[in-house]
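Please walk through this structure with me. We will take its charged pairs, its rings and some of its helices in turn.

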Amino acid sequence: MIRPQKMKQIEMTVLARDVDPVIEFLGRRGLMHFSGDMFTADEGSSPGSSGTIAHIRESLTRLRSAAVYLGVELPDEPLDNTVLPKEAEEQLAATLVVTILGLSVKENEKNEEKKKLEETINEAKAFSRLNAPFSDLDQLSYLTLRVGRLDPRRQETLRENLAGRAVIVSLDDTGRFLAAASRKGRFALDSALKKTAFTPIDIPEGYKGVPADLLNSLKERIAATEKELENIAGKKEDFKKEYSPSLQSLAASYLMAQTVEEFKRRLRGTRSVYVISGWVPADEVPVLVDELKNRTEGRTAIRSYNPEELEDVVEGREKVPVSLKHGAFVRGFEPVVFSYGAPLYGTLDPTPFVAFFFTILFGIMFGDLGQGLVLFLLGIALGLKNKNKLLASFKHFSTPLKAVGISSMIMGILNGAFFTSEKFLEKPTRAVLGFIMKRLDIPGTAPSRILSLMPDKNNIAKMFYFFGFTIAVGIILNSIGLLVNIANQYSQKKYEKAFFSKTGLAGMLLFWYALFIAMRLIFGGRFENYDYAGLAVPVFLIFFGPAIWRLVSGERPVLEQGLMVFIMEGFVEIIESASSYISNTVSFLRVGAFALSHAVLSFIVFTLSGLVQNLAAGPLISLLILIAGNGIIILLEGMIVAIQAVRLQYYEFFSKFFTETGVAFTPFRFRKNAEQ
């Protein structure tokens, strides 16, 4: 499309009972760019439920905790098939969280138990080497040990009461157990034991150290705990495989629900009715209306307006958002345009021109069949579905890389370059050209390359022709910029700028006539008397244009700022017109200069690789030089050439008509990274 899509403003009155499915549909389809006045300044004044949002956030927090424990990566936005959570999802989320976090609590308890057991046995081993009666060990400052009997069922109660302060270790099935506490926890241990039917076990009088059976019991207990931890780890892995899809789906549902609730809190409305308004592409309006009628059973009132019917748009207080509709090739270059600014609604869309000329300019400056093939393959690789987030973030470069790769390959065939080698394509080129010359009955020997950029006594003229070609490309691009500006200004009824400005009709006539004179002089002609008139007429229109327009349109005074200001502005406008057209045209010499520098750099790399061929390990060194040299050219010079191509678009092309930017169409959607 040469112009942005036609837009309509849609205003919907939605019942509170229907607002959730309506917002779900809008967020899933990405059809509506919301109007700024649709939202309230104070969220507290809207009918949205803060309690619902709190519940959703709490559910998300619990799901994330469960996912972190299992090592499951949750989405950060709703998925394609995500739906709002209902009662079944609520129950499933609660069940999963209880099950998973219950396992987490059990694992933590067992790890803590193992840690305390290990600390106990380490202390006990240390004390076992002391030459002191066991009965005296509780007098040491490090560890308090109590050995006795207690009903196994009451041991569990004792263990819960002393959690964090002592370790209770069952020694056998008869009720024998060992209680160990730090010196600090000694009194709490003894106090708890007194409240139970604890019966101390007498250790033989004079027994020194810690009894061996106690140490063995501790080791057995540690082994049992480790076994339980292994079982928990296995169950954890099973949970991860079984519950990962459900956790991801539920998290996506609650993320959608959170967005819906936060959106509702900002809407204007009452407890029973909401008002939603925004901009929708005109060809999508029937789809929107039909879908909303089906989802709400006809309960939603919908009104649509053309931009010219809205007072805010007519008076310039609101800009209509711009939505561009392109094929895959042109769409790949939309970021180049929008990084400069969105075009105004109703003006010509420059993206097709940007796509074409960026591709052409890059190929001219970066002509190499092999290096272009690398860029093309890289573009294909980035276009594939990639789970790696880093690579996926560069997916929008896929189409431009494929385009410039193809143009670079074509230019590489013309100048005979293949990974810096000028020899590789000589025979194929000579064979093809020889066949063509023979069929056309053209005498002579077929050349080894179609275009030669490296200057020597045989192709200096070709090099200048090539620079002339780049100037011609600049003239075409500048002329298209002027035509786009004239069309835009005329469509916006800014007739003075369309006809009398330096980038309007008068400026274009001055530019074209100056080129006509230059071409005539280059081909042996001379400056004629009628050339004075040919230059004077557009200069006169530029100089006196503002006054002529005010006179014709009836605006007064004719000289708005006075005579002196009028004369100064006129002279400045003429000087700017001449200097800008000269600089904008000559600027395209950089295209030829970078093409020549690319050829020179390739020549250097290829020559260096040839110089080392006769050295020891020469072929290997030569190969490394070729690989490194081509890598540097592809990476560094590729970036430089891309920057130059963008610069020529911005300063030589956009400067002609991009005097005011519009608003990009940014529809409400749940998936921020979804393809447009």
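Glutamate 261 counts as buried, because its relative accessibility is 8% and the cut-off for buried is under 20%. This is a predicted model. Its partner in a salt bridge is lysine 264, with the closest N and O atoms 3.1 Å apart. Lysine 264 counts as buried too, at 10% relative accessibility. Both residues lie in helix α6. They are three residues apart, about one turn of the helix.

Why can such side chains pair at all? Side chains of opposite charge can do so when their charged atoms come close. Across the whole structure, a search finds 21 salt bridges.

Some of these bridges reach across the sequence. Glutamate 228 and lysine 110 meet through their side chains in a salt bridge, at 2.8 Å from N to O. Glutamate 228 belongs to helix α6 (residues 212-266), lysine 110 to helix α3 (residues 87-128). The pair links distant parts of the chain, 118 residues apart. Are the two partners buried or exposed? Lysine 110 is buried, with a relative accessible area of 14%. Glutamate 228, at 26% relative accessibility, counts as partly exposed.

Now move to lysine 502. Lysine 502 forms a salt bridge with glutamate 576, and the closest N and O atoms are 2.9 Å apart. Lysine 502 sits in the loop between α17 (495-500) and α18 (505-522), while glutamate 576 is in helix α20 (residues 563-586), so the bridge ties together parts that are 74 residues apart in sequence. Here both ends are partly exposed. The relative accessible area of lysine 502 is 21%. For glutamate 576, the relative accessibility is 35%.

Glu311, Asp312, Glu315 and Arg317 are linked in a network of them.

A charge can also sit over a ring. The charged end of lysine 236 does this at tyrosine 69, 4.4 Å from the centre of the ring.

Next come the rings themselves. How many aromatic pairs are there? The count comes to 35. One of them joins tyrosine 340 and tyrosine 650. This pair is tilted, with 4.9 Å from centre to centre and 50° between the planes. Tyrosine 340 is in helix α10 (residues 334-340) and tyrosine 650 in helix α22 (residues 618-653), so their contact ties together parts that are 310 residues apart in sequence. Tyrosine 650 counts as buried, at 16% relative accessibility. Tyrosine 340 counts as partly exposed, at 33%.

Phenylalanine 511 and tyrosine 581 make another aromatic pair, this one stacked. Their ring centres are 5.0 Å apart, and 25° separates the planes. Phenylalanine 511 lies in helix α18 and tyrosine 581 in helix α20, so this pair ties together parts that are 70 residues apart in sequence. Phenylalanine 511 is buried, with a relative accessible area of 3%. Tyrosine 581 counts as buried at 7% relative accessibility.

Return to tyrosine 340 and tyrosine 650 for a moment. Ring pairs link Tyr340, Phe353, Tyr650, Phe653, Phe654, Phe657 and Phe658 into a cluster.

Start with α15, residues 426-439. Its 14 residues should span 20 Å at 1.5 Å a residue, and its end C-alpha atoms are 20 Å apart, so the two figures agree. Which residues of α15 are buried? They are Glu426, Thr429, Leu433 and Met437. These residues cover an arc of only 70° around the axis, which puts them on the same side of α15. On the other side, Lys427, Ala431, Phe435, Lys438 and Arg439 are exposed. After α15 comes aspartate 441, with a positive phi near 60°.

Finish at α21, residues 589-611. This helix has 23 residues. From first C-alpha to last it reaches 33 Å, close to the 33 Å expected at 1.5 Å a residue. Several of its residues are buried, among them Val591, Gly592, Phe594 and Ala595. His598, Ala599, Ser602, Val605 and Ser609 are buried in α21 as well.

Terms used:
Residues are numbered from 1 along each chain as its sequence is written. This is a predicted model: local features need pLDDT of at least 70, side-chain atom pairs count only at pLDDT 80 or more; totals for chains, interfaces and linings use all residues. Side-chain values use heavy atoms; hydrogens and water are left out. Helices (H or I, at least four residues) and strands (E, at least two) are DSSP runs, numbered from the N terminus. The expected span of a helix is 1.5 Å times one less than its number of residues. Buried means under 20% relative accessible area, exposed over 50%, partly exposed in between (1.4 Å probe, protein chains only). The arc is that of the directions from the helix axis to the C-beta atoms. A salt bridge is a side-chain nitrogen of Lys or Arg within 4 Å of a carboxyl oxygen of Asp or Glu. Rings of Phe, Tyr and Trp (its six-membered ring) pair if their centres lie within 6.5 Å; planes under 30 degrees apart count as stacked, over 60 as edge-to-face and the rest as tilted. A charge sits over a ring if NZ of Lys or CZ of Arg is within 6 Å of the ring centre and within 35 degrees of the ring normal.
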